[in-house]
Amino acid sequence: MDLGLTGKVAVVTGGSRGIGRATALTFAEEGADVAICARGSETLEKTLAEIRACGVNAFGMAVDVTQRTVVESFIEASADALGGIDILINNVGGSVGKGLMGSTDEEWFDTFDLNLFHAVRTSRAAVPHMRKRQRGSIVIISSISGLKPAPGSQYGAAKAAEVFVSGALAMELGPDNIRVNTVSPGSILFPGGGWAQRQHEDPEGFGKFAVEEYPLGRLGTAEEVARAVVFVASPAGSWINGTNISVDGAQQQPGMFDKGPVWR
């Protein structure tokens, strides 16, 4: 299937590792030019080289997505470098603090800032560029933690808010021919991620967890999530709007293991 991405410009936040990296590379393999941001420059440069090896243009910046002016500068620089913006993938996420009694107000604010407000500020900055093209697509990477409650209340609440915002923005931006959707991964195993560390620390317990929690007997991969994200964002997914798609292999509940939750 031709996804219609040749010559399109996709921007991916948190694009140097895990789901973000896999998504950026999948866009590149489909012929899109790609801009990415990340906190560290080393993994950023490595991923940019991998994107360019696909024969497309790439742009990247080291960015703290909780800083509004820095995010705006990244979006503007991406549009300048690649000639506009067609697609935005809001991928950055994480959690600060440990549940209700083990966290402060500031840690709740920080969790919402990293997840929900990062998606809001990047979308606000990218929409004017999409309006210039009279079309666009935004995908927010949420989590099944926002759909299936488990310990880690501030993370789950922030992810649930992302799902709601996605649906509301689909209605608000629809007249501009801009689609907005959410993709919610389950627990994803990738090199350097939290689940890879758990697997290394306790391979027997990890194997038991995978068999008990997943009908398919394994965790998902970043590439499996990326393929869903890229399809939903692409012109081939043109009638998918305002919805949330779980990519979790029918996982029973968000990622609980013997040492507590892992935030993808």
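Trainee: In which helix do Phe-206 and Phe-209 both lie, and how many residues apart are they?
Mentor: Bearing in mind that this is a predicted model, both Phe-206 and Phe-209 belong to helix α7, residues 203–213, where three residues, about one turn of the helix, separate them.

Trainee: What makes Phe-209 and Tyr-214 an edge-to-face pair?
Mentor: Their ring centres are 5.8 Å apart, which is within the 6.5 Å limit for a pair, and their planes stand at 85°, over the 60 degrees required, so the pair is edge-to-face.

Trainee: How do you know whether Phe-206 and Phe-209 are buried or exposed?
Mentor: Phe-206 has a relative accessible area of 6% and Phe-209 likewise has 6%; since buried means under 20%, both are called buried. Tyr-214 is buried as well.

Trainee: What puts the buried residues of α2 on the same side of the helix?
Mentor: The residues concerned are Leu-44, Thr-47, Leu-48 and Ile-51. They cover an arc of only 105° around the axis, and therefore they sit on the same side of α2. Glu-42 and Lys-46, on the other side of α2, are exposed, whereas the buried residues pack against α1, β2 and β3.

Trainee: Why is Cys-54 called partly exposed?
Mentor: Its relative accessibility is 33%, which falls between the 20% and 50% cut-offs, so Cys-54 counts as partly exposed. Cys-37, by contrast, has a relative accessible area of 1% and is buried, because that value is under 20%.

Trainee: What makes the contact of Glu-50 and Arg-21 a salt bridge?
Mentor: Their side chains meet at 3.0 Å, N to O, and because the limit is 4 Å, the pair qualifies as a salt bridge. This pair links distant parts of the chain, with Glu-50 in helix α2 and Arg-21 in helix α1, 29 residues apart. Glu-50 is partly exposed at 23% relative accessibility, and Arg-21 is partly exposed too, at 27%.

Trainee: Where do Lys-159 and Glu-162 lie, and what is known of their salt bridge?
Mentor: Both lie in helix α5, three residues apart, about one turn of the helix, and the closest N and O atoms of their salt bridge are 3.1 Å apart. Lys-159 has a relative accessible area of 0% and Glu-162 is also at 0%, so, with both values under 20%, each of the two counts as buried.

Trainee: How many salt bridges does the count come to?
Mentor: The count comes to nine salt bridges, including that of Arg-131 with Asp-176, whose closest N and O atoms are 3.2 Å apart.

Note on methods: Residues numbered from 1 in each chain as written. Predicted model: local features only at pLDDT ≥ 70, side-chain atom pairs only at ≥ 80, totals over all residues. Heavy atoms only, no water. Buried < 20%, exposed > 50% of the residue type's maximum accessible area, 1.4 Å probe, protein only. Helix = DSSP H or I, 4+ residues; strand = E, 2+ residues; numbered from the N terminus. Arc of directions from axis to C-beta. Contact = heavy atoms within 4.5 Å. Phe/Tyr/Trp six-rings, centres within 6.5 Å; stacked < 30°, edge-to-face > 60°.
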